[in-house]
Amino acid sequence: QVHLVESGGGLVQDGGSLRLSCAASGGTVSNYAMGWFRQAPGKAREFVAGISTSGGNAGYLRSVKDRFTISRDNVKNTVSLQMNSLKPEDTAVYYCAADKQFYSTTYFGRMNREYDYWGQGTQVTVSS
């Protein structure tokens with residue numbers, strides 16, 4: 001059982017930056033592909049970024065590519081999402097998620113249902 005706790009959310013102006021962190025406990029995060037998802041009011045939860053167990057493969061939602069960067073530290077059991085050039089449409093609750101991998105060091109999922117464990121979420125609000 002992996003327990004995930006997000007931090008780093010807050011209120012920022014259009015064009016600003018935030019760094020979200022996800023701390024994992026109760027398991028070895030190096031065995032899990034990790035993802036960041038977000039959910040805006042009235043909308044479905046969507047994939048934002050994912051990273052493989054090794055950290056060698058990562059992918060992004062098209063609208064955040066070149067602005068957001070996902071990274072992981074398998075020694076510290078943490079995953080981060082650096083968000084630059086934030087826009088009001090990035091406003092949402094951001095969730096960290098973990099997906100146990102048994103065979104692949106390069107795979108990460110883009111679907112909610114692929115992930116086994118979720119954090120409680122952290123609010124990101126971008127004002128115009």
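Predicted model: local features only at pLDDT ≥ 70, side-chain atom pairs only at ≥ 80, totals over all residues.
Two strands pair if DSSP finds at least two bridges between them.

**Strand 5 and its hairpins**

Strand 4 and strand 5 run antiparallel and are joined by five bridges. Met34 has its bridge partner in strand 5, at Ile51. Six residues lie between the strands of this hairpin, and Gly42 takes a positive phi near 80° there.

Strand 5 also pairs with strand 6, which covers residues 58-60. These two strands run antiparallel too, with three bridges. Here Ala49 has Tyr60 as its bridge partner in strand 6. This hairpin has six residues between its strands, and Gly55 takes a positive phi near 85°.

| Hairpin | Residues between the strands | Glycine with positive phi | Phi |
|---|---|---|---|
| strand 4 and strand 5 | six residues | Gly42 | near 80° |
| strand 5 and strand 6 | six residues | Gly55 | near 85° |

How many residues of strand 5 are buried? Five of its six residues are, so by the cut-off of under 20% relative accessible area the strand is mostly covered.

**The nonpolar cores**

The largest nonpolar core has 29 residues. Met34, Trp36, Phe68, Leu81, Met83 and Tyr94 have the most contacts inside this core. Several strands give two or more residues to the core, among them strand 4 (32-39), strand 5 (46-51) and strand 8 (78-83).

**The disulfide**

The model has one disulfide. Cys22 is joined to Cys96, with an S to S distance of 2.1 Å. The link is left-handed, with -80° about the S-S bond. Cys22 sits in strand 3 and Cys96 in strand 9. The two cysteines are 74 residues apart, so the pair links distant parts of the chain.

Are these cysteines buried or exposed? Cys22 counts as buried because its relative accessibility is 1%. Cys96 counts as buried because its relative accessibility is 0%. The cut-off behind both calls is under 20% relative accessible area.

Key. Residues numbered from 1 in each chain as written. Heavy atoms only, no water. Core = buried A, V, L, I, M, F, W, Y, C linked by side-chain atoms within 4.5 Å. Buried < 20%, exposed > 50% of the residue type's maximum accessible area, 1.4 Å probe, protein only. Helix = DSSP H or I, 4+ residues; strand = E, 2+ residues; numbered from the N terminus. Disulfide = S-S within 2.5 Å.
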